[in-house]
Amino acid sequence: MAPDSTAPDRRAGSAAPPPPFASRATSVEGSPVREILALTERPGIISFAGGLPAPELFDSEGLRAAYDAAFATSARRALQYSTTEGAPELRAAVAARATARGLATDADDIVITSGSQQALTLITSTLVEPGDVVLVENPTYLAALQCFRLAGARVVPAPCDARGIIPEALAELVARERPKLLYTVPTFQNPTGRTLPTGRRAAVAATAARLGLWLVEDDPYGELRYEGRDLPWLAAHPGAEDRTALLGSFSKVMAPGLRLGWLRAPAALRRAAVVAKQAADLHTSTVDQLAAAHYLRTVDLDAHIATVRTAYRARRDALHAALGRALPAGCEWNLPEGGMFLWARLPEGHDATVLLRSAVAHGVAFVPGAPFFATAPDPRALRLSFTTHTPAEITEGATRLAKALAAGAAL
Ligand code: PMP
């Protein structure tokens, strides 16, 4: 019998394939070391890789009570749709904390976001057209690079030294490249742990004002300071007022699973970001926002942060000292004043991505530095997070790292 040519042909292979993905979805790669890092979940591995807060320090009882209270006092509201800008009491609490940190802020200046990562996405879709130049620190936060690349930006690294962006070099670059924005993590940067000194903050703000660009100041780590004095946000410096998107997060001081962050931005930018947020997710989870607001009303978050800081300081010191005892001459690393990361460099001729394989075999992990560079990666660099292990485990981890390095050198 002749086949019925009008019937749809359901045989695999003859169906027309669906159209291709958008080019932006295929042009941005995931992390090349993701597979190796998946191995670091194995029991027994001492991992300096993840940028995770220590779970045993979460105030799980306090947060549980806050969720209970959100349901007990306002279940209908907690379970309902709400406004895109965020719950008024949480916006007010964020504004009060920002004001207490030296930047006068109204509740209306704040948009609550689903993690500060979302704030970055919203700002990017508001400001960046394909082909626009975005300046970043060198190296910079990996997921920011992905975000800018997904938007089709041309990402250009600003020259940095051990204290962050070099203002004179920045000014030259801005004049030459005419960027839309500068993305910076000025305090306890990811991945380097570096902090931009006050004088440089002032110079960056002045450059932005003089040459005309937006500033995106990402500050998830600023409250995790272990020594030294707090520095004013970049957003607080003259020239930055009308052009800075300041991004904050509850991830490192409460818990990242809440997915709560915030954006403080000048009115026009904020309004455009709110439209982008409507398109993205309508609003951040109401129940999470009400629980967080209740928590901030009833718990002394600063006392909790002080506990976290004490633990992290000891872990940072343990890693710094253990590297000093274990690693061979020619290795270098810094001592950040806060945050979660220490940045290290292997001796001449070594490659951190190659070392990672042997490190995992020796029961220790880290993140190679290369993916954090927008261009021209430094293969000798690596990022070590010190937050999730005890000082004794950290010391053992450094010993394993030294063994992996020695094994590699012996090949
Ligand atoms: N910015 C930087 C620099 C980060 O390191 C992180 C988290 N790793 C984020 C933003 C995202 O944090 P959140 O959990 O608030 O989305």
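I take a salt bridge to be a side-chain nitrogen of Lys or Arg within 4 Å of a carboxyl oxygen of Asp or Glu. The model I am reading is a predicted one.

**Entry 1: between the domains**

I counted with that definition first, and found 2 salt bridges between domain 1 and domain 2. I looked up Arg316 and Glu227, whose side chains form a salt bridge with an N to O distance of 3.2 Å. I then turned to polar contacts and noted 13 residue pairs between domain 1 and domain 2, both residues at pLDDT 80 or more.

I asked which elements supply the side of domain 1 that touches domain 2. I found that α11 (301–326) and β12 (341–345) each give at least two residues to that side. I noted the largest share for α11, with 7 residues. By class, I have 17 nonpolar, 8 polar and 6 charged residues on the side of domain 1 that touches domain 2.

**Entry 2: bounds and area**

I checked the domain assignment, which places 27–58 and 303–410 in domain 1 and 62–298 in domain 2. I read a distance of 26 Å between the C-alpha centres of the two domains. For contacts, I have 31 residues of domain 1 against 32 residues of domain 2.

I looked up the buried area next: domain 1 and domain 2 bury about 2,700 Å² between them, and 62% of this is on carbon and sulfur atoms. I wanted to know which three residues supply more than any other three of the area that domain 1 buries against domain 2. They are Glu337, Phe372 and Ala374, and I noted their part as 22%.

**Entry 3: the ligand**

I listed the residues around the ligand and got 14, of which Ser116, Asp218, Tyr221, Ser249 and Ser251 come nearest. For Ser116, I found a backbone N or O atom 2.7 Å from an oxygen atom of the ligand. For Gln117, I also found a backbone N or O atom by a ligand oxygen, at 2.9 Å. Asp218 uses its side chain: I read 2.5 Å between one of its N or O atoms there and a nitrogen atom of the ligand.

**Entry 4: salt bridges in the whole structure**

I counted 18 salt bridges in the structure. I picked out the one between the side chains of Asp219 and Arg101, at 3.0 Å from N to O. I placed Asp219 in the loop between β8 (214–218) and β9 (244–249), and Arg101 in the loop between α4 (88–100) and β2 (110–113), so the pair ties together parts that are 118 residues apart in sequence.

How values were computed:
Residues numbered from 1 in each chain as written. Predicted model: local features only at pLDDT ≥ 70, side-chain atom pairs only at ≥ 80, totals over all residues. Heavy atoms only, no water. Domains from an automatic or database assignment. Contact = heavy atoms within 4.5 Å. Buried area = accessible area lost by both parts, 1.4 Å probe. Polar contact = N/O pair within 3.5 Å; in protein donor to acceptor, adjacent residues only side chain to side chain. Helix = DSSP H or I, 4+ residues; strand = E, 2+ residues; numbered from the N terminus. Nonpolar A, V, L, I, M, F, W, Y, C, P; charged D, E, K, R; others polar. Near = heavy atom within 4 Å.
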